[in-house]
Every structure is written in C-alpha cells, then in structure tokens.
Amino acid sequence: MSSTLLNAKDISRAINRISHEILERNNGAEGIALVGIRTRGVALSHRLKEKIESIENLTIDHGILDITLYRDDLAEGIQKPELRKTEISFALENKHIILCDDVLFTGRTIRAAIDALMDFGRPSSVQLAVLIDRGHRELPIRPDYVGKNFPTAKSKRVQVLLDEEDGEDKVIIQEQSK
Amino acid sequence: MLLSTKNILSTKELTKQDIQQILDTADSFKEISTRAIKKVPTLRGKTIINLFFEPSTRTRTSFEIAGKRMSADVINISGSTSSSVKGENLIDTARNLEAMNPDILVVRHHCSGAPALLSQFIDSPIINAGDGSHEHPSQALLDLLTIRSHKGDLAGLKVVIVGDISHSRVARSNIRAMQTMGMKVRVVGPPPLIPPDFESLGVEVSHNLREAVRDVDVVMVLRIQMERQNQGLLSSLREYSNYFCLTSESLAKARDDVLIIHPGPVNRGVEISLDVMESPRSLILNQVTSGVSIRMALFYLLLGENNANPN
Amino acid sequence: MQTLIKNGWVIDPANMIDGSFDILISDGKIEAVVPHGKISASKIKGAEVINAKGCVVAPGFCDMHVHFREPGHEYKETIETGSASAAAGGFSSVAVMPNTSPVNDNRSVTELILSQAKKTGLVNIYPIGAITKGLKGETLSDMGELKESGCIGYSDDGKPVMDSELMRRALEYSRMFDLPCIQHSEILDLTRGGCMNEGVVSTELGLKGMPVEAEDIMVFRDICLLRKTGGRLHVAHISSGGAVDLVRQAKAKGLPVTCEVAPHHFTLTEEACRNYDTNAKMSPPLRTNEDIDMIKEGIRDGTIDIIATDHAPHDLADKQVEFDNACFGIVGLETALPLTLKLVDEKVITLQKAVDLLTHQPCRIFNLDKGTLGIGKDADVVIFNPNTKFTIEPEKFKSRSKNSPYKGWQVRGKVLHTLVAGRSVYSDQNE
C-alpha cells in the first residue's frame, strides 16, 4: 500500500523555491557550495546547483559525501552498507556549505554528514536542504530549506524516487514492510 | 556477508567477488589518506592486535596506520616482546590475547600455516600478514590495486614474477589472486629457486629474464634473501644479478608501458637496478600507498561481517 | 585353567589353517585346534567358553615397529599404556624401537624395558637395540650384549645411519648374531628442514619438502652394501614406490632384504597435510597415489613382507603447534586392523594374506616363536569381526596419546578379544 506525496511537478517546484531561498539567505551565490549526501542527496544537489547556476549565471563548487564511515549504527550491524567514494575537491574554508539530502528523519545521517564535513575543513557555515522533512528527530537538528513538511507515523516509510537513480520523479509513502 | 570468508588467511580462499569488493572498497579509502585530517571514526572503540613473530617494519606499520586512520586502537606485539621466547605455545599466546577481546588479530609468523592454526582456536577474525613461504594476502591485494589503478581492468593482463619463487609467500598469494582475476602469470628465476612441477599451479616457468619480460604488462620483482647464498641455493648474489637483476638492459625487449612493482624492501643493484627502480614505470611507492588503503578495506569488511551477527 | 574358543573361523597362516575350528587353550598353551564341535565334552568341562561365531580367530598380531617412549618420554606413552593400546588393536607382541631417553644401546636399558614389560604383563615386548651408540651415528653399539640381554634386531629408527662405512660395518657385524639391521631410509642432506613430501602440496602450502629420492637413494645404498657384506637388511616403513622397486630387484637377486609398510602409507597421501593437519605429519612422509599403487603392488607380489604400524604416540603439545614444529608420527596400533582390511576390500590381498602379514611373516623375519596357533605354542590369540563397522574415535584410544589422522573414518574390522598366553588382555566393551 503506497500513496504519492509529491509528483514530478511538485518536486520541480520545490527545487525552484529552495534555489531562490538559498540565494536570498546567502545574498547571492558567492561563496556557497553544494554537497550532496549519497545516494539521493547527490541528485538533489545537482539539480539545485544547475538551477542556481542558471539563475546567477556562474559556477559553484559541488561535492559528494559518503557518510558510511561516520554512521553510528555500523557497529550494531543494522546495515552493511557498501562504501563509495567521497568527492570533495575544493577547500571548505570560508564557504557556506549547503548539505543536501532527500529525507530528514531522525537526524542521524545529518549528524554523520556534519562530522564528515568537519574532517575536510572549517566551513563558514553549514546549512541543510531536504526535499521531505517527516519529523521524529532524535538529535537537535533542523533543516534550513524544506521541500515539504510531512509529519508521518514512525512506522511509515517515505521513499523519494528521482529520475537519476530510479527513472522517475516522485515521493511515495508506504507501510513499513516487516 | 561482505566477504565469503571470516578470516583473510590466503588469497586462495577469496572469490573474484571478494577481491573485487576489497579493491573497490580500498579505492574509496584512498581519498581518506589524502585529507588534512586523515581519520574517520568508523572503527572507534575497536581493538586491532598486530601479533608479529617475525620482524617487519613496513607491513606492521601499514596495518597500524590503516587501523588508526579508521580510529581503531592498534596494539603491536612483536615476537621478542611476546611470551613466545619464554616457550609459551602459539595457541596459548593467542588465547590469552583473545581473552582481552580484540576485534581483529593481524598475524605474521615464520611458519607456514601458523595463522591457519590460530584460526582453529580463536573466534576473532585473523588476517595473515605473511606466514613462512605460504601466503601474504594483503600484499597481493595491494599489488592488484596498484596494477588496477594503472591498467583499469585486471582481466587478461600478463605478469611475470622474478626471483626466489620457492620461498616467496608474495609470489604464491599473487599467483592465486591474479589467476582468480583472469590474469596470466609467468615466473622466472634460477631452477633451484623454483619448486619442481611449479607448472601444476597453472603458471609458465622460465629461466630467461630478457625473454620472459617481452610481452608482459607487469614485472614483479621479488626481494632476494641474502641467506639463500649460504643454503647453497645460489652460487653468489653477483652471479644471480648477472642473470636476474632487472635493469634497463634486461628490459630491452619489454613493452614501453610495462609496470614495475616490488614488495620491498629492495636490495638495490641485486634484484633491481637503481635506474629501473626510479623510472616512471616503477610503482614501488604507489604500492606502499595502496597498502594502507587495502588494509583499511580489510578491517572495514571483516568487522562489517563480524557485525552482521549481533548477540 | 582352560579356555575354549568355539564357532570361529580360524586363520593360522603359519600352519596353513583356514576354516571352521574350535580352539582349546590349556595353561596358556594351545592344546587343540579341531574342526568345530569335535572336542569331547568331557575334555572341556569347566573351561571358559568364548563364542566366536561370525568372527575370525587368528594368532595375536605382531607389530615389529612401535615406539613406547619409555624410558624418557612417559608423557607420550609408557610400556603400560602402549601395551594396552597394542592389546586393543589385537596385537599380542610388539617390538619397541630404541629411541628412548636414555637410548636403548646397552644391557641396562634393555633390561629396564623387559622388567617394565613383565610388570605390566599385558603383551609380549621385544626390544630393538640401537645400531650406533646414542643413535649418534658415530660408533657401533655392543650388538652382542644387546642380543644376549633380549634385543631382537638393531635400528637407529627415527634417524638413518648416514655414514656408509658405519652401515657397512653394522651389516657385517650383525651377521655374527643373525639379527636384522632395520634402516630408517632417509638421506638427511635432502630432507633438511623438511616436514612433508616434496611435491605439489608442499609447494602450495609453502612447506619444505622431503623428496622421495631421499628414501630411494638410501635404500639403494644399503642394498649395495648388503651385496658386499651379507647380513640382513630390513627396510623400515617403506613409503616410496621407487624403493619398493629397488627391494623387489634386490630380492630377485636373492639378497637377504626384507621390508615393512605402515598402514598410513597405503591409506593416505600428501593431500592429508592440507590445512596443515599435523596428524598427517609423518616420517617418512605421506607420499602420492602413485606411490600407494606401487606399495599395493609390492604387498600383493610379496615384495613387502610385513605390515608394521610405526606406532608413534605424541602428546597434544607436540602436535597442536605450527606444522614445522610438530613431531612426526601417529598412534598406529589401534587402527592397524581396519586399515589393513581395506586392502582386502580392495582385493589387493586375501584376508588370509592380511593375517599372514600381521602374524607369521613378522615372526619369521625376527625369529620369534610367535604368530602361530601351533599345538603347544603360547596361546596368543586375537578374535575379530572383519565385518563390524565402526567410526574411529581417537579420544577413546587406550594409548596415552590421541594423534591420529583417521578421526571420523568409517571402517570395518573390530577386535573383540586379545589373549596373551591364554589370558584375556583386551575385550571389547560392547561384547
């Protein structure tokens, strides 16, 4: 059983809005860089980058973060995630980093991502952009830019499908399969 | 399961998928060693014991750095400081260490099969860091990683291994791993240093270095142990060098893009000449760098597997 | 005191008996061997009766090559535990090798062994004296004194006599006493540091090999010497197919050479060393299938005279170590019968011949008045069921040591009773 939360148009509109919010908050694109969290945060960060670059007509830095090595559930054997590369080829110093992820839930992924980022340098600030905020935070973390707030039951599963990874754009919610 | 095996005792028991996964994972780890802060918290709270019954600087250091870059606590115990000199049995030593709950034991021993023996008595994963003339799997894996990063694909590559094949655990580990990855292996050296019927391992045997390097993608030079001279296996190092030292002359017929690797430490001018060692074709230092990534990958994959069974 | 063994199938190669007979034992001697049911009831009144229905009744087995470790290494085995192990394996007589500590190279050690054997009183124990003093390979031992005090042969077993001149003199001098020199055939120069057969497996495992040529060359040398010296050469634990050929040729020329094979050398190959199983570490080493085929041919055509176990018990501390550092050898006495019967299953030899190799032949070579059910002889008897299947469980061995590569093997042929001079020294618990 699943139902659609956002369709392709909704997602596109959210990206547009967030791009403008980022520019507004940071007084333009000067000094900002986008970092996507693997896997779907990467596609989102690419879309935001494209959008912002087309609005401002300049190139901004972009990076990819694999937070596997920073997870706090690794030792519990909950998952055995495949490790992939982290690619951050620019200096973080004096940069405003926009971390991008698809769904904000407990906040633990973002905690790991911030830890990972800090190992690469000392950015001026770190901001967080997510497509869906579904609540149930376990850490004091809040997003700066949200596509859609969608309070959910903890047992539900929110899944973001993106063209780059899944061949279509949509956000669905389903019962957690046991 | 991340890997098909709980221990890394030999490359013989690693599948193609295992090797691929180890190399891919190691590739991802390479970047960590280039950071300003060369450390990730992944193995925080884990304990790795380096149990070395044979002197080693680079292998032990490589394992130690790998563990530390992943935030594990690494303890080094060498043969001379361990109880082995007091006549304590290998198994007792290991059991005592295990009672302290390490998460991984890295073992080097002068006897072939010692890590395999330990694995029968110990629950912690064991990585063989070189046992006698048997195997040295992490060395073979780092060699493959080095070759792969320069050649792209391993399948179909031709390699020649030069030197003391009889006593080389590096050669054995590499031959097995390379064959698993679809590479072709030739060995070259004087007959007393190549076991009889070595062809049964599926390798080509040659005694002519100049010809043997002709069509290969990689030349792996092995360290020649000085004591082979006293054992009557070599007449003299000088004579050995005349026939088997890798020089630009002996490489005359080799391809221009041939890669040169050596597990180190190098006896300059005995098995390899200085100019070849320092030529752009030589990847000897890249191997050292690859070594850290490979060992990080092994720790990560073994502990990941261990974690797959909580309770 | 009488015992009647009835309803059994008697195989007594020494007397060419092979059939359904009852055996009457009186005062420790064989009194009668008569067709089943023919002994008059009055004659056996009050006799203890052993029903051997479905079983083979044979002379107690004789193993001319065991190591009982006493004196010196009692933590591995003693004359008492070794004797119990022998009895459990169906052996009533064993010859013990001199590589004890001190070495059995003089009267006092021989007498100690014999007195311990007497005290134990289980099986007949025959000491073998050293060829050279202290097994050092330097000077001959006092072969005359050794014979007079009870030794039945000479050997430096565990080590070969490397010095050719010394071996020549040993063969010459031993002629005076008509006892065989038993050679552990191994050219040490070729096996230095070796711990298994040299071949594909040793290459893969990275273990130093012991080439088969080390055995062949020594056997060849000794045969050459024998041609000159006369005397009697007995080749211990032959493991090489090439060496079997050499012995065959020597026998064809009428030279006084005999040889023995241990069951592990016709049931296991170097493959058993994989996984660094130290229970497969033997000297001479386990060889190849080709060697096994040639050994079986040698057993079949009589080139190989006897089966001897080379019973070599070792404590766990000597086996549960690195392969390089482990001791050579295995517990042999308690698995010898079922392993020998494999030769019968494979139609290499008949059951009668198998019994012959374990009884009459060894006694012939070593001049022992044993291995026979002849009337008036000591009643050393084994009763075994050749068809009983069981699983080898080293932990249940009577030997003090449990080192065996046969753990878990499903085999056939179980010893039910062993009698020495009419007295039961072993009977199967399940009987």
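**Entry 1: the model.** I remind myself that this is a predicted model.

**Entry 2: the domains of chain B.** I looked up the division of chain B and found two parts: domain 1 takes 16-135 + 290-307, and domain 2 takes 137-287. I then checked the spacing, and the C-alpha centres of these two domains of chain B are 26 Å apart.

**Entry 3: where they touch.** How many residues of domain 1 of chain B are in contact with domain 2 of chain B? I found 21 from domain 1, meeting 19 from domain 2. On the domain 1 side of chain B, helix H1 (16-30), strand S4 (126-131) and helix H10 (284-307) each supply at least two residues. I noted that H10(B) gives the most to this side, with six residues. Sorting the domain 1 side by class, I got eight nonpolar, eight polar and five charged residues.

**Entry 4: a lysine in chain A.** Next I turned to Lys148(A), which sits in strand S6 (residues 145-149) of chain A. Is Lys148(A) buried, exposed or partly exposed? I put Lys148(A) down as partly exposed because it has 16 C-beta neighbours inside 10 Å, while being buried would take 20 or more and being exposed 12 or fewer.

Entry 5: Setting aside neighbours within four places in sequence, I listed the contacts of Lys148(A) as Leu6(A), Ala14(A) and Ile132(A). I also looked up Ala91(A), 57 residues from Lys148(A) along the chain, and their C-alpha atoms are 31 Å apart.

How values were computed. Residues numbered from 1 in each chain as written. Chains lettered and ligands numbered in written order. Predicted model: local features only at pLDDT ≥ 70, side-chain atom pairs only at ≥ 80, totals over all residues. Domains from an automatic or database assignment. Contact = placed C-beta atoms within 7 Å. Helix = DSSP H or I, 4+ residues; strand = E, 2+ residues; numbered from the N terminus. Nonpolar A, V, L, I, M, F, W, Y, C, P; charged D, E, K, R; others polar.
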